[in-house]
Amino acid sequence: MGSFVLRNLFLFNFILICTKAEWFSSLGQMEDLVYDELDLITSLKEYIKAEEAKLDNIKKIAERFQHISENARSNMDKYLGHPVNQYRLVRRLATEWADMEDIVNENVAEVFLTNLTQKQSHFPGEEDVKGTAEAIMRLQDTYRLDTHDVARGIIKGLQSNQSLTADDCFHIGRTAYLERDFYHCRLWMNEVLNHQENGLTYSRFDVLDHLSYCTAQGGNIQKAYEITKEMLQIDPSLDRIRGNHEHYRQLLGERKRGDDGDVEEFQQSKQQAEYPSTPERVDYERLCRGEGIHIVS
């Protein structure tokens, strides 16, 4: 088996080991998810076609109604003076608009929604998403991977056909934050700020809010102070942020100069390790990297 295939399998198996979620216990189950999604896409496209056909029918009926009504408006006396036109007007309003209501209310999504509901019963959940996020961070530590490379889909020289979106990066950082892993939270929130596109689930203020706290927890009070200063420029009304900003000023031993107030550089006598490691963890990560291991082909 070639080194490329071996490396792919090893990286994949490492992710399986790292996550606690049952869903990622075998490659076969992951393949099932891919086929489920392909089936849903087919079903979704069929629904789109049905919806488009429904809208085309409604559009044709609306255009016919409009043509008749505009002709009537152009010469009302002539139009209403003809018995056939009177009959058609009465019948159209009495029955054809009721038919239109039935067409509009027709549920062409039922087949797709039924299929979706059935498949969602065994889809991954939030715990599984959390597990894969933690696995990525563990992989990042073990192989000493650059956060920006991982976000671009590059792991140990292997390029994915997808990259992580800004929302993906925010979710990974948020996962770390909730686990009080401030080191990874800071890495991934900084990566969010590097993305060009706007996120769908967060604002710049949200990112800075996480980043300021994680940065302070890592011991860099000066940087945390600067981040809260930017946050106050975005929204100066929040008491919590003003309180944090003032707290950091006090920690830095503020020397006020003018309205803004410059601050002294804060020097910590000793910073606590942000991501402590045990000898066992170090040995395990060396093993995963293949250090000291010789494979005979």
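**Surface patch, ring pairs and a buried valine**

Analyst: Val34, Tyr35, Leu38 and Ile41 make a nonpolar surface patch of about 400 Å². Patches consist of residues with over 30% relative accessible area and no salt bridge, joined within 9 Å for like charges and within 5 Å for nonpolar side chains (Val, Leu, Ile, Met, Phe, Trp, Tyr); a salt bridge is a side-chain nitrogen of Lys or Arg within 4 Å of a carboxyl oxygen of Asp or Glu. Accessible areas come from the Shrake-Rupley method with a 1.4 Å probe, and for residues only the protein chains shown count as cover.
This is a predicted model, in which local features need pLDDT of at least 70 and side-chain atom pairs pLDDT 80 or more, while totals for chains, interfaces and linings use all residues. Residues are numbered from 1 along each chain as its sequence is written, and side-chain values use heavy atoms, leaving out hydrogens and water.

User: Is leucine 38 buried, partly exposed or exposed?

Analyst: Leucine 38 belongs to helix α2 (residues 27–74); helices are DSSP runs (H or I, at least four residues) numbered from the N terminus. Buried means under 20% relative accessible area, exposed over 50%, and partly exposed in between. Leucine 38 has 46% relative accessibility, so its class is partly exposed.

User: How many aromatic pairs does a search of the whole structure find, and why is the pair of tyrosine 47 and phenylalanine 112 classed as it is?

Analyst: Rings of Phe, Tyr and Trp (its six-membered ring) pair if their centres lie within 6.5 Å; planes under 30 degrees apart count as stacked, over 60 as edge-to-face and the rest as tilted. The search of the whole structure finds five aromatic pairs. Because the ring centres of tyrosine 47 and phenylalanine 112 are 6.0 Å apart and their planes are at 20°, this pair is stacked.

User: How many residues apart in sequence are the parts tied together by tyrosine 47 and phenylalanine 112?

Analyst: Tyrosine 47 is partly exposed at 23%, whereas phenylalanine 112 is buried at 15%. Tyrosine 47 lies in helix α2 and phenylalanine 112 in helix α5 (residues 110–120), so the separation in sequence is 65 residues.

User: Which residues does valine 150 touch, apart from those up to four places away in sequence?

Analyst: Valine 150 is located in helix α7 (residues 147–151) and is buried, with 6% relative accessibility. With contact meaning heavy atoms within 4.5 Å, and residues up to four places away in sequence not counted, valine 150 touches Ile136, Leu145, Leu164 and Trp188.

How values were computed. Helices (H or I, at least four residues) and strands (E, at least two) are DSSP runs, numbered from the N terminus. Buried means under 20% relative accessible area, exposed over 50%, partly exposed in between (1.4 Å probe, protein chains only).
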